Amino acid sequence: MDSFLIKGGVPLHGEVTISGAKNAVLPIMAATLLTPEPCVIRRVPNLSDVHFMAQILEWLGAKVKFEGDTVRVEARKIRGQGDYDLVRKMRGSICILGPLLGRLRKARVSLPGGCVIGARPINLHLKGVEALGAKIRIEAGYVEATARRLAGSAMFLGGRAGSTVLGTANVMMAAALAEGITVIESAACEPEVVDLANFLNAMGARVAGAGSPTVTITGVKQLHGAEHEVIPDRIEAATFAIAAGATNGEVTLKGARADQMHAVIDKLNEAGVRVERRGANLLVRRDGRLKPADVTTLPYAGFPTDVQAQMMALMTLTPGISIITERIFESRFMHVSELARLGADIEIEGPSAIVKGGKPLSGAPVMASDLRASAALVVAGLAAKGTTQVNRVYHIDRGYENIDGKLRQLGARIQRIEES
Ligand code: EPU
């Protein structure tokens, strides 16, 4: 298993190009199952999760071809059952449920398990497709959805933590080929949902209102092939912005979309990290000393849970007390004990982490537990004195394209130790 060796204390300087968004490209790749015609997806990040999704599509019968950052998918003939182990391994692969059901009127997909960040149920996905007329059976670890016909319907998809991103995506994709009109209330408003809606509309679907809590889908008989460019990854951009602030550097995020990052930019400005638009880019630099900030994660347009861990790493460097409250995933604090190894003082109180920041961090061996926790450890390692070894970086390769290469380009002393 590969690890990173980071010699901290070097301010990051220069330009970094933001890759396509992981959480947009995964459902978009799944959506190609809705048509037998070829689809072309551009600005696809080179991530293990993307290759994993490609394997799932191939297993289902699609042809998938990568050319640089373009992927061509042709799902001329497909089957309705995903390979048990392939699907189970990546939580994001649940988003093949909606397209399989829409196209074939049947889908058999292994139940995604919980993961280190929380329970991750799919009750809202099932509620949504049931409202369209699907019958659901859970059997031998599979969720089986079948429908003689799919009919548009009005539904409420809010759950205990608010909206669901992939649940909204699944219903949108199934409803695109249902008869009549579907209205999703309490739909997820994330930019990745909007990107999927744009792709579906390019395929001939009729999705309106994406980006708002009410999404209306007017079913059509069939969809055709389409081309699409994936939005830049707002979580990757936020991670580099935080790394720039944490190391007291100055970094230009090429292609980052300020209009999709309001909550993060607002909090960073409050914390003393200035983020300014420069044409199509964002310029990030420190604005004097770091200041404590209180952060609560919320569905979009609130502060993203996927940036909580990295923000906590920044707050450990900030003199004073910061409170970070996690409202989306109940156990998303696995990074706390690892940040403590670097000298951070953090206490967990229910859904909140109380960060007493400002003591210098010092390098140590740490263990990545999930994607964003790993990113937080890299940020902390870049700011810490001495050497930090981040083990199990396969987590980070799932969702950050060439993060070590990009950081080196900004002057970081980070090295990948490859192990067989
Ligand atoms: N939830 C339910 N029932 C459901 C679905 C979700 O109660 O049927 C709850 C979840 O337990 C959670 C909340 O609703 O408390 C939000 O979960 P959501 O369904 O929105 O998460 P997701 O769609 O499974 C995506 C991203 C995650 C990101 C979340 C929240 C992908 C592939 N994954 O997951 O990304 O954290 O939305 O924004 O799009 C990551 O990139 O590191 C990551 C975990």
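**Ligand site, strand pairing and backbone geometry**

In the ligand site, an N or O atom in the side chain of D306 lies 2.6 Å from an oxygen atom of the ligand. The protein buries 93% of the 830 Å² that the ligand exposes when taken alone (accessible areas come from the Shrake-Rupley method with a 1.4 Å probe; for residues, only the protein chains shown count as cover). The structure is a predicted model, in which local features need pLDDT of at least 70 and side-chain atom pairs count only at pLDDT 80 or more, while totals for chains, interfaces and linings use all residues. Residues are numbered from 1 along each chain as its sequence is written, and side-chain values use heavy atoms, with hydrogens and water left out.

An oxygen atom of the ligand is 2.7 Å from a backbone N or O atom of L124. For R372, a polar side-chain atom lies 2.8 Å from an oxygen atom of the ligand.

The ligand is surrounded by 23 residues, and the closest are N123, L124, T164, D306 and I328 (a residue is near a molecule or strand if one of its heavy atoms lies within 4 Å of it). By class, this shell holds 10 nonpolar, six polar and seven charged residues. In this grouping, Ala, Val, Leu, Ile, Met, Phe, Trp, Tyr, Cys and Pro count as nonpolar, Asp, Glu, Lys and Arg as charged, and the others, Gly among them, as polar. The largest share of the shell, three residues, is given by α5 (helices, H or I with at least four residues, and strands, E with at least two, are DSSP runs numbered from the N terminus). The ligand lies between domain 1 (3-19 + 233-417) and domain 2 (22-220), because both give residues to the shell around it; the domain bounds come from an automatic or database domain assignment.

Strand pairing was examined next. Four strands form an open sheet in the order β4-β5-β3-β13, with mixed pairing (two strands pair if DSSP finds at least two bridges between them). Its edge strands, β4 (63-67) and β13 (227-229), each pair on one side only. Five bridges connect β4 with strand β5 (residues 70-74) in the antiparallel sense, and K63 stands opposite E74 in β5.

Strand β12 (residues 214-218) runs antiparallel to strand β10 (residues 181-185), to which five bridges join it. Across this pair, E185 stands opposite T214 in β12. Strand β11 (residues 206-208) is also antiparallel to β12, with three bridges, and I217 in β12 is the bridge partner of V207. The hairpin of β11 and β12 has five residues between the strands, and G209 in this hairpin takes a positive phi near 90°.

A further antiparallel pair consists of strand β19 (residues 345-349) and strand β20 (residues 352-357), with five bridges. Here I346 stands opposite V355 in β20. The two strands form a hairpin with two residues between them, and G350 in the turn has a positive phi of about 60°.

Most residues other than glycine have a negative phi, and most peptide bonds are trans. R105, however, has a positive phi near 65°; this residue lies in the loop between α4 (97-104) and β6 (106-110). The peptide bond from Y300 to A301 is cis, with omega near 10°. A301 is in the loop between β17 (295-296) and α10 (308-316).

Key. A polar contact is a pair of N or O atoms within 3.5 Å; within protein, one must be able to donate a hydrogen and the other to accept it, and residues adjacent in sequence count only if both atoms are side-chain atoms.
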